[in-house]
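Biologist: Before I ask about single residues, please show me the model. Then tell me what the words you use for it rest on.

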Amino acid sequence: MTDLEKICADAYEARVKIGTLDTDIKNKVLNDAADNLLKAEKEILEANKRDVATAEENMKAKSMIDRLSLDHDRLLGMADGLRQIAKLADPIGEVMSMAKRPNGLIIGKRRVAIGVVGIIFEARPNVTSDAFGLCFKTGNCVILKGGSDAINTNIAIVKTLKKALTDNLVSDAALALIESTDRETTNAFMKMDQYVDVLIPRGGAGLIQNVVKNATIPVIQTGTGNCHVYVDKDADFDMAVNIINNAKTQRISVCNACESIVVHSAIAEEFLPKLYDKLREHHVQLHCDGRAQAILAGRDDVTEAASDDWGMEYLDYIMSVKIVDSIDEAIEHINRYNTSHSEAIVTNDYDNAQKFLNEIDAACVYVNASTRFSDGNEFGFGAEIGISTQKLHARGPMGLEALTSYKYIIYGSGQIRE
């Protein structure tokens, strides 16, 4: 048995006991894990510095380095995330329905753990603790396969989390990190369907598509985010500028950041210069269609959009700008190029707001708010395992319930089928 197969087999063996743990035990482990993260701050941050230094030597993108980097505040946020999960209601064991059949059978539906969850992710160390917290609270074993960019950080984090398990006499097979970073191991992991119940990729489009195409394990897609903000002809300009500025610049390296602006032609000539002035404070480059480029002619960092700009997730200080002549054209453009993640309209027109909500095909659709709110914590779920852009089982920010399944429980009194 290879090291990889042993990791998967151990998790599979532990899944029943982990799935039936008492809520108080689970919460104790989560709170201890949060404490351990802060106690091991020096060790974790030193490991992270090594990873960041390597990324800088390899000339990695600034957005990737931002996702990779930890400091005291981010580590504190990871610990707080675990404590928040501990405070959430435990969904496991919930009786979702119960009904009596004419033959006297009582048929119920009870929420249960999925079993073994595999997560393949890139340079996001916070995923390590978030994934453990959510999976453990829902009675799942989790196997993590992080990228090479964060390997030292992930090893340090997992060490502290495992201590919380063993200190509470819980099998540390509830959490495993695959330390090998070669592609062959990743590909082999994607085919461990005899042990792993579901696979969740978190990262760029290349990673996600690789997992979807090659895994024999069922996959929940957590999508890339080509997120749009459409500024309608009846929009409040100040509101629109603030929403777009926040959605783009508050943190550029995340999937719910706005990448594309769509503006109604009736207001474009007046609105776009105001927006440009605000985004210019952050040196945002605008890749514009012909009409938008003409309005912003002569300004720095304004270029003509190429055909692939409309579907691009930049994760950088770059946005595409499209002018449309109607809300129908805006919806058509967004549905054509979006990634089914998060889309927003800024408008004072109620009918247009409702039309946008009804006709945009995305997991999260906003009226007069930033797309940056597409987040498990902001939605009240605690931390999230990812943002699903598919339509089966889970969609949008995935909290505790998205990591559960159910079983039917049937009470009889000697019934036999005629």
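Modeller: A residue is called buried when its relative accessible area is under 20%, exposed when the area is over 50%, and partly exposed in between. Keep in mind that this is a predicted model.

Biologist: Why is His333 called buried?

Modeller: The relative accessibility of His333 is 9%. The cut-off for buried is under 20%, so His333 counts as buried. His333 lies in helix H13. Leaving aside neighbours within four places in sequence, His333 is in contact with His228, Val262, Trp310 and Lys322.

Biologist: Asn335 lies in helix H13 too. Why is Asn335 called partly exposed?

Modeller: Asn335 has 30% relative accessibility.

Biologist: What does Asn335 touch?

Modeller: Not counting residues up to four places away in sequence, Asn335 touches Glu359, Ile360 and Asp361. The side chain of Asn335 reaches the backbone nitrogen of Asp361 at 2.9 Å. A polar contact needs a pair of N or O atoms within 3.5 Å, and the 2.9 Å between Asn335 and Asp361 meets that limit.

Biologist: Asn36 is found in helix H2, residues 23-39. Is Asn36 buried or exposed, and how do you know?

Modeller: Asn36 has 10% relative accessibility. Buried means under 20%, so Asn36 counts as buried. The side chain of Asn36 has a polar atom 3.1 Å from the backbone oxygen of Thr160. Beyond residues up to four places away in sequence, Asn36 touches Thr160, Lys163 and Ala164.

Biologist: What makes Met59 exposed?

Modeller: The relative accessible area of Met59 is 72%. Exposed means over 50%, so Met59 is exposed. The place of Met59 is in the loop between helix H3 (41-57) and helix H4 (62-68).

Biologist: What is there to say about the phi of Met59?

Modeller: Phi of Met59 is near 60°, a positive value in a residue other than glycine. Most residues other than glycine have a negative phi. Leu315 also has a positive phi, of about 50°, although Leu315 is not a glycine.

Biologist: Where is Leu315, and why is it called buried?

Modeller: Leu315 lies in the loop between strand S10 (302-304) and strand S11 (318-324). Its relative accessibility is 16%, and buried means under 20%, so Leu315 counts as buried.

Biologist: Which class does Gly204 belong to, and why?

Modeller: Gly204 has a relative accessible area of 23%. Gly204 sits in the loop between strand S6 (198-202) and helix H9 (205-214). Gly204 touches Glu122 and Thr224, not counting residues up to four places away in sequence.

Biologist: What makes H6 mostly covered?

Modeller: In H6, 12 of the 13 residues are buried. Among them are Pro125, Val127, Phe132, Leu134 and Phe136. H6 is followed by Gly139, whose phi is positive, near 75°.

Biologist: Where does helix H11 bend?

Modeller: H11 bends by about 45° at Phe271, and a proline, Pro273, follows within four residues. Helix H11 has 16 residues and reaches 22 Å from its first C-alpha to its last, close to the 22 Å expected. The buried residues of H11 include Ile267, Ala268, Phe271, Leu272 and Pro273.

Biologist: Now the whole chain. How do you know that its radius of gyration agrees with that of a compact globule?

Modeller: For 418 residues, a compact globule would have a radius of gyration near 22 Å; the protein chain has 24 Å, so the values agree. The C-alpha trace spans about 75 × 65 × 35 Å along its principal axes.

Biologist: How much of the chain counts as buried, and what is its secondary structure?

Modeller: Of the 418 residues, 52% count as buried. The secondary structure comes to 14 helices and 16 strands.

How values were computed:
Residues are numbered from 1 along each chain as its sequence is written. This is a predicted model: local features need pLDDT of at least 70, side-chain atom pairs count only at pLDDT 80 or more; totals for chains, interfaces and linings use all residues. Side-chain values use heavy atoms; hydrogens and water are left out. Helices (H or I, at least four residues) and strands (E, at least two) are DSSP runs, numbered from the N terminus. Buried means under 20% relative accessible area, exposed over 50%, partly exposed in between (1.4 Å probe, protein chains only). Contact means heavy atoms within 4.5 Å. A polar contact is a pair of N or O atoms within 3.5 Å; within protein, one must be able to donate a hydrogen and the other to accept it, and residues adjacent in sequence count only if both atoms are side-chain atoms. The expected span of a helix is 1.5 Å times one less than its number of residues. The bend at a residue is the angle between axes fitted to the seven residues ending there and the seven starting there. The radius of gyration is taken over C-alpha atoms; the globule rule is 2.2 Å times the number of residues to the power 0.38.
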